[in-house]
Amino acid sequence: MEKYMVRTENLKKYYRLGENTVRALDRVDFDVREREFIAVIGKSGSGKSTLLHLIGGLDVPTSGEVYVDGRKLSDMDREQLAIFRRRKVGFVFQNYNLVPDLNVYENVVLPIELDGKRIDKEFVKEILELLQIADKTEALPGMLSGGQQQRVAIARAVAAKPAIILADEPTGNLDTASGHDVMGLLKVAAKQFQQTVILITHDRDIAQMADRIVHIEDGRIVGSKDTAPGTKGGDSYAGE
């Protein structure tokens, strides 16, 4: 039986903006299978980052439910959600979010240390070698290129062995070549370490590297398609 790593039901996120109501997400039903690599694409303001933040427990929906690895996020209090997020979700952001006075290795293992868990040094070494930054372990972030910093951010996300990795425009600050290199490495890492990935991007070339592309417009999912023959993707969606 197939396992869904992420599922949302009738998910809504509304904001008040003066006298108007902004429907950042409007009745979104979305699912991601275990070990699937999904790209969510849409224009700026379409709701894609809002969707990612709700899945990651960084924001709370107006209504509807989010399930991650079989757990309903609304059943958890703030502390439980923080622990769940730290252990189950790896984040990769556009701005890297590395600690500037920690070296590469220290940045990668920081979330594991904060969680009080034992560091699997061989696993970390394997990740660093796969991402081609094993020779940079003593370097500070300021000594690295943008592409190298984003590889460190990916290594940090993967090293904690989360069930799911959420990547929000991870190539947004990179040139085209570096962006494709980073995305290729993220895909290889996710497959090798059997992790589920949801990628937010506006770059269609980057999106083509995923197993499935989901289109979002005006807070609603309007389409879903597989990118490769034989890949099992989700249902096709149509806007209401």
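A cavity, on a 1 Å grid over the protein atoms alone, is a set of points where a 1.4 Å probe fits but cannot get out. A pocket is an open set with protein on both sides within 12 Å along at least five of seven lines. Lining residues have an atom within 4 Å of a point. Grid points are joined across faces, edges and corners, and a volume is the space filled by probe spheres set on the points.

Some ground rules. This is a predicted model: local features need pLDDT of at least 70, side-chain atom pairs count only at pLDDT 80 or more, and totals for chains, interfaces and linings use all residues. Numbering starts from 1 along each chain as its sequence is written, and side-chain values use heavy atoms, leaving out hydrogens and water.

Cavity first. The count comes to one cavity of 30 Å³ or more. The largest cavity holds about 30 Å³ of space. What lines it? Arg86, Arg87, Pro111, Ile112, Asp115, Lys117 and Ala160 line the largest cavity. Helices H2 and H3 each give two or more residues to that lining. By class it has three nonpolar, no polar and four charged residues. Here Ala, Val, Leu, Ile, Met, Phe, Trp, Tyr, Cys and Pro count as nonpolar, Asp, Glu, Lys and Arg as charged, and the others, Gly among them, as polar.

The largest pocket has a volume of about 380 Å³. Of its 16 lining residues, Arg86, Val89, Phe91, Pro111 and Arg156 lie nearest the centre. Helix H2 (78–88), strand E6 (89–93), helix H3 (104–114) and H5 each give two or more. Helices (H or I, at least four residues) and strands (E, at least two) are DSSP runs, numbered from the N terminus. E6 supplies the largest share of this lining, four residues.

Strand E4 (63–68) and H2 each give two or more. Its lining has eight nonpolar, three polar and five charged residues.

Last, a helix pair. H5 (residues 146–159) and H6 (residues 176–192) pack at about 15°, axes 10 Å apart. So H5 is roughly parallel to H6, a label for angles under 35 degrees. Contact means heavy atoms within 4.5 Å. Gly147, Gln150, Arg151, Ile154 and Val158 of H5 meet Asp181, Val182, Leu185, Leu186 and Ala189 of H6. Those contact residues divide into six nonpolar, two polar and two charged.

Terms used: Axes fitted to C-alpha atoms, helices over the stretch in contact; angles between N-to-C directions. Parallel < 35°, antiparallel > 145°, perpendicular 65-115°, else oblique.
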